[in-house]
Amino acid sequence: MKKKSRVFGIVFFAIAFSVWGWLFCTLRENHTVVFPAGGFEVYTLTDNEAGGFSTSELSVSDSLVAAHVNIRSGKAFPYAGMGFNLMSLNGRPVGFFDFSKYDSMAVVATAGRMRSITFRLLTDDPVYSKQGMYLSYRPLECSLPITNSYGEVKTPLSKFKTAEWWLASQGLENDDGLTYFYRTTLFEIYNGEGALRGIPDDIEVKQIRLWGVNRDFEKGMIFAVVLLCALLAVFVFFAVRKPCNKDLLKKQMSEAARLLKTTDKSIAEIAIAVGAKSTSKLERDFYKVHGKKVKDYRRKNV
């Protein structure tokens with residue numbers, strides 16, 4: 001391989017691996033902001049549909065969503081707070097929100113007297129859910145600690161588990177382990193531990209974001225780097241391989257032809273004399289240059 005070609009190859013692979021590294025580090029993770037500027041419809045959440053009497057007064061701005069809640073009795077359990085309709089983006093209906101693309105969630109929030117707040121994902125269970133029937137959606141819940149000052153709390157989405165009351169209502173004795181994250185319809189935040197019935201409290205949220213590894217992209221990038229490594233191996237093979245010196249080969253085979261005609265040395269001795277690695281190498285190179293086998297050449301020229 002010529003020096004110019006080697007330099008071009010080195011530059012090409014240096015650029016290719018640099019671009020691969022930049023793309024992998026930059027685009028490997030999915031990031032989505034649910035609030036603020038997520039574009040999802042915010043709604044008031046109460047337990048009224050479940051037969052309760054809790055209330056929630058919602059205040060929404062570009063940077064804050066606050067729920068002033070009053071927890072009262074409910075048939076299953078009392079709850080009130082806020083919700084985000086993940087099937088309504090910028091006032092337009094969209095399909096299911098795919099939570100399976102993400103691994104973790106972080107929320108910047110505060111509360112009044114509560115020591116925790118509860119997060120709930122409602123997913124459309126293909127077996128049990130019925131369109132438009134809120135209580136039929138599968139609720140996946142997770143409670144996180146909260147303080148009366150703003151702070152970020154994080155959790156892996158693997159901590160979200162199906163609510164026991166819903167399993168019981170569907171006649172399921174144990175958690176079946178199903179989630180249907182890829183069919184999420186609603187995301188809700190409501191009261192947790194420390195909420196007092198009949199005493200008003202507050203939940204305020206400044207940010208909700210999701211992130212996780214983009215697995216399809218990661219697979220594609222792994223395939224790309226394997227292909228690049230294979231191409232690099234081929235390049236290195238040709239770059240370090242000794243070039244075949246045709247003039248030297250012709251000179252060696254001319255000397256071999258002279259020795260075959262003028263001496264009675266054996267083929268092995270001639271191979272050593274002209275610098276061939278073996279008799280078989282001599283025979284291949286001799287045929288390549290003269291178009292005749294060594295023995296035939298000697299027989300016709302002696």
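Is asparagine 148 buried or exposed? Asparagine 148 is exposed, with a relative accessible area of 64%, where exposed means over 50% (1.4 Å probe, protein chains only) and buried under 20%. The model is predicted, so local features need pLDDT of at least 70 and side-chain atom pairs count only at pLDDT 80 or more, whereas totals for chains, interfaces and linings use all residues. Residues are numbered from 1 along each chain as its sequence is written, and side-chain values use heavy atoms, without hydrogens or water.

Asparagine 148 lies in the loop between strand E9 (138-145) and strand E10 (151-156). Leaving aside residues up to four places away in sequence, asparagine 148 touches Thr110, Ala111 and Gly112; contact means heavy atoms within 4.5 Å. Its C-alpha atom is 7.3 Å from that of arginine 113, 35 residues apart along the chain.

Turning to the helices, H1 (residues 3-27) and H3 (residues 215-240) pack at an angle of about 165 degrees, with axes 11 Å apart. That makes H1 roughly antiparallel to H3, a term for angles over 145 degrees. Residues of H1 that meet H3 include Phe13, Phe17 and Trp20, and those on the H3 side include Met221, Leu228 and Phe235.

The largest nonpolar core has 36 residues, of which Phe84 and Ile189 touch the most other members; such a core is a set of buried Ala, Val, Leu, Ile, Met, Phe, Trp, Tyr and Cys residues joined through side-chain atoms within 4.5 Å. A second, separate core of 15 residues includes Leu260 and Phe286.

Key. Axes fitted to C-alpha atoms, helices over the stretch in contact; angles between N-to-C directions. Helix = DSSP H or I, 4+ residues; strand = E, 2+ residues; numbered from the N terminus. Parallel < 35°, antiparallel > 145°, perpendicular 65-115°, else oblique.
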